[in-house]
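Here is a short briefing on a protein model. Look over the sequence and the fold, then read the points below.

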Amino acid sequence: MPNEIITNENLSKAKVIAIFGDTGSGKTGLAYTLLEELKETKKIFFFRHPKCYLLENFEYNNIDNLECMEEMQDCVVFI
């Protein structure tokens, strides 16, 4: 995917991004590339990340229940 497509300007227009593909096709790598681009302007939350202690190194946050999402605005939630 060309880097000129993965810009904060283009990503900020999206409301939902779904990534799908075969095993080993780079889905996780693409997802983290998108998150790195978006973290400049939005807070990043993971829903029930299995190793939440790793998120702090990247300035990401972990949420454990859906009730937390009721008050969220202008952020990214990785499910």
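Which residues make up the largest nonpolar core? The core has ten residues: Ile6, Leu11, Leu34, Leu35, Leu38, Ile44, Phe46, Leu55, Tyr60 and Val76. This is a predicted model, in which local features need pLDDT of at least 70 and side-chain atom pairs count only at pLDDT 80 or more, while totals for chains, interfaces and linings use all residues. Residues are numbered from 1 along each chain as its sequence is written, and side-chain values use heavy atoms, with hydrogens and water left out.

**The core**

- A nonpolar core is a set of buried Ala, Val, Leu, Ile, Met, Phe, Trp, Tyr and Cys residues joined through side-chain atoms within 4.5 Å.
- Buried means under 20% relative accessible area, exposed means over 50%, and partly exposed lies in between (1.4 Å probe, protein chains only).
- The largest nonpolar core includes Leu34, Leu35 and Leu38.
- H2 and S1 each supply at least two residues of this core.
- H2 gives the most to this core, with three residues.
- Helices (H or I, at least four residues) and strands (E, at least two) are DSSP runs, numbered from the N terminus.

**Helix H2**

- Helix H2 covers residues 27–38, twelve residues in total.
- At 1.5 Å a residue, H2 should span 16 Å, and its end C-alpha atoms are 17 Å apart, which agrees.
- That expected span is 1.5 Å times one less than the number of residues in the helix.
- The buried residues of H2 are Ala31, Leu34, Leu35 and Leu38.
- Seen down the axis of H2, these buried residues fall within an arc of 100°, so they line one face of the helix.
- The arc is taken from the directions that run from the helix axis to the C-beta atoms.
- The cover over the buried residues of H2 includes helix H1 (8–12), strand S1 (43–47) and strand S3 (75–78).
- Leu34 is in contact (heavy atoms within 4.5 Å) with Ile6, Leu11, Ile17 and Ile19, leaving aside its neighbours within four places in sequence.

**Salt bridges**

- A search of the whole structure finds two salt bridges.
- A salt bridge is a side-chain nitrogen of Lys or Arg within 4 Å of a carboxyl oxygen of Asp or Glu.
- Side chains of opposite charge can pair when their charged atoms come close.
- Glu36 counts as partly exposed, at 36% relative accessibility.
- Lys39 also counts as partly exposed, at 31% relative accessibility.
- Lys42 and Asp74 meet through their side chains in a salt bridge (2.5 Å, N to O).
- This pair links distant parts of the chain: Lys42 sits in the loop between H2 and S1, Asp74 in the loop between S2 and S3, 32 residues apart.
- Leaving aside its neighbours within four places in sequence, Lys42 is in contact with Asp74, Cys75 and Val76.

**Positive phi in the loops**

- Arg48 has a phi near 55°, a positive value in a residue other than glycine.
- Arg48 lies in the loop between S1 and strand S2 (61–63).
- Arg48 is exposed, with a relative accessible area of 53%.
- Asp74 is not a glycine, yet its phi is positive, at about 50°.
- Asp74 is exposed, with a relative accessible area of 58%.
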